[in-house]
Amino acid sequence: MPETSAQSETTKPAANAETGKKIFIKTYGCQMNVYDSTRMSDALAPQGYTETQDITDADLVILNTCHIREKAAEKVYSEIGRIRKMRDARGAGAKQMTIGVAGCVAQAEGEEIIKRAPIVDLVFGPQSYHRLPSLLKDVEAGKSVVETEFPEEDKFKHLPAAKASVTRARGFTAFLTVQEGCDKFCTFCVVPYTRGAEVSRPVSAIVDEARALVAAGVCEITLLGQNVNAYHGSSDKGGIWGLGQLLEELAKIDGLARLRYTTSHPRDMDDALIAAHRDIPQVMPYLHLPVQSGSDRILAAMNRRHTRAEYFELVDKIRAGRPDLALSGDFIVGFPGESDADFADTMSLIRDVEYAQAYSFKYSPRPGTPAASHEDQISNELSSERLLELQTLLTEQQIAFNASKMDSTMDVLLERKGRETGQLTGRSAWLQAVHIDAPETLIGTIQPVRITGVTKNSLSGQLITG
Ligand code: 5AD
Ligand code: SF4
């Protein structure tokens with residue numbers, strides 16, 4: 001997924017604007033990190049911090065890091081090097097700049113970061129974001145702070161109360177974390193080590209936060225979790241609820257027009273969730289369901305806990321209830337021991353399933369994961385060849401999926417002004433970007449649009465009026 005810098009349009013009380021400090025957050029990796037960056041910013045707002053997009057103007061710089069693939073730690077160290085140069089260039093009279101490293105690299109590297117880059121004042125993992133104000137006080141008192149413990153209890157204390165989420169509503173779509181961590185232990189993946197064991201938030205906390213977001217103008221919510229469909233939260237109405245039941249409850253909120261969730265594991269697509277796709281109109285017909293490989297041998301070596309045939313069965317079952325469902329996936333090529341035949345199995349799975357969109361990666365050994373110590377690592381050259389072949393096929397499928405929408409009429413949630421004057425940009429139910437000419441007054445509404453143009457990455461169309 002792309003790297004982004006956290007955006008913010010929050011307005012803070014005037015007193016803070018006068019006397020307050022500036023925070024710059026650079027976010028790497030997945031949507032969970034984007035959500036976490038807004039949480040950090042919200043946690044610091046009462047202390048008078050406002051966000052800046054200009055790092056040279058910042059009192060506090062936070063790198064919210066991702067450790068999932070390729071030389072993540074190295075990237076962070078070179079970014080810290082650049083920040084040091086920039087800070088030194090500000091000269092002796094300039095204001096202080098505090099530097100923090102958060103996220104999964106912080107969790108994985110811990111103290112090592114301050115040893116290697118003494119310019120860093122604060123290293124803190126995903127479980128300590130709610131304590132950022134007090135951690136900063138320790139830094140101000142002259143301490144170097146490293147906070148990477150997993151708390152024994154109340155793992156969700158660090159998530160915002162419903163009220164805090166209102167400051168987070170920065171548009172018409174929002175993320176909402178319902179579950180964190182993962183117990184699956186795929187042999188290539190660091191997540192179970194950096195994010196810890198799977199924990200679900202109680203239903204009432206999620207519903208309260210969703211209501212607050214809707215009250216602040218949000219009409220589309222994406223539920224987040226490293227293994228979101230393993231959700232099993234306690235409900236005041238009794239028992240433990242799965243994601244299907246949670247979606248049903250959220251769909252009752254007036255004004256909440258669209259629901260999505262990511263990222264799912266095939267093993268956790270239970271019947272209630274499959275039924276939710278069939279029965280709940282607010283649940284969008286788009287599903288990110290990573291399979292990683294089409295070879296049974298590799299799936300077993302990855303500890304994915306399902307076979308190729310079971311994945312096909314599952315896809316058929318979901319599509320039976322929701323024939324227009326668009327599927328998206330993640331693929332890894334060059335997993336240790338992957339033969340030409342294994343790779344051919346992945347290519348044939350892709351041909352059979354037909355993806356609307358996908359992410360694909362060369363296997364990258366993550367220190368501490370079981371697959372990293374396999375002897376039969378695949379050469380970078382062969383992995384690159386396979387990745388190119390696989391991405392060519394996935395791109396063809398993405399173009400074909402977009403082309404299939406030509407001349408159709410669809411609902412589009414108009415989210416913001418487009419690049420051209422008079423243009424608005426929104427999203428289809430299938431998560432495609434759609435550009436249309438329409439007045440700004442329609443931003444934040446869902447409108448019927450006739451599709452008149454398609455490209456690899458977006459659709460264009462005309463508003464259907466009257
Ligand atoms: N190497 C390559 N890709 C990986 N992913 C996770 N770990 C690795 C790794 N070690 C990919 C998987 C996962 C996505 C978020 O990142 O495809 O679904
Ligand atoms: Fe990593 Fe996803 Fe496997 Fe969990 S299910 S270990 S997050 S790839």
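The second largest pocket lies between domain 1 (8–147) and domain 2 (155–403), because both of them give residues to its lining. Keep in mind that this is a predicted model.

**The pocket itself**
- The space in the second largest pocket comes to about 1,100 Å³.
- Its lining is made up of 49 residues, and the ones nearest the centre are Cys30, Ile68, Arg69, Val191 and Asp330.
- Elements that supply two or more residues to this lining are the helices α2 (31–44), α3 (72–89) and α8 (191–194), plus the strands β16 (326–333) and β17 (357–362).
- Sorted by class, the lining has 23 nonpolar, 16 polar and 10 charged residues.

**Ligand 2**
- Ligand 2 is the one to look for here, as a molecule that sits in the second largest pocket.
- Around ligand 2 you'll find Cys182, Lys184, Phe185, Cys186, Phe188, Cys189, Val191, Pro192, His265 and Arg304.

**Ligand 1**
- The residues around ligand 1 include Ile68, Arg69, Phe188, Gln292, Asp330 and Ile332.
- Also around ligand 1 are Phe361, Lys362, Tyr363, Ser364 and Arg366.
- Phe188 uses its backbone: one of its polar backbone atoms is 2.9 Å from a nitrogen atom of ligand 1.
- Gln292 comes in with its side chain, where a polar atom lies 2.6 Å from an oxygen atom of ligand 1.
- Asp330 also has a polar side-chain atom 2.6 Å from an oxygen atom of ligand 1.

Definitions and conventions:
Residues are numbered from 1 along each chain as its sequence is written. Chains are lettered from A and ligands numbered from 1 in the order in which they are written. This is a predicted model: local features need pLDDT of at least 70, side-chain atom pairs count only at pLDDT 80 or more; totals for chains, interfaces and linings use all residues. Side-chain values use heavy atoms; hydrogens and water are left out. On a 1 Å grid over the protein atoms alone, a cavity is a set of points where a 1.4 Å probe fits but cannot get out, and a pocket is an open set with protein on both sides within 12 Å along at least five of seven lines; lining residues have an atom within 4 Å of a point. Grid points are joined across faces, edges and corners, and a volume is the space filled by probe spheres set on the points. Helices (H or I, at least four residues) and strands (E, at least two) are DSSP runs, numbered from the N terminus. Ala, Val, Leu, Ile, Met, Phe, Trp, Tyr, Cys and Pro count as nonpolar, Asp, Glu, Lys and Arg as charged, and the others, Gly among them, as polar. Domain bounds come from an automatic or database domain assignment. A residue is near a molecule or strand if one of its heavy atoms lies within 4 Å of it. A molecule sits in a cavity or pocket if more than half of its atoms lie within 2 Å of its grid points. A polar contact is a pair of N or O atoms within 3.5 Å; within protein, one must be able to donate a hydrogen and the other to accept it, and residues adjacent in sequence count only if both atoms are side-chain atoms.
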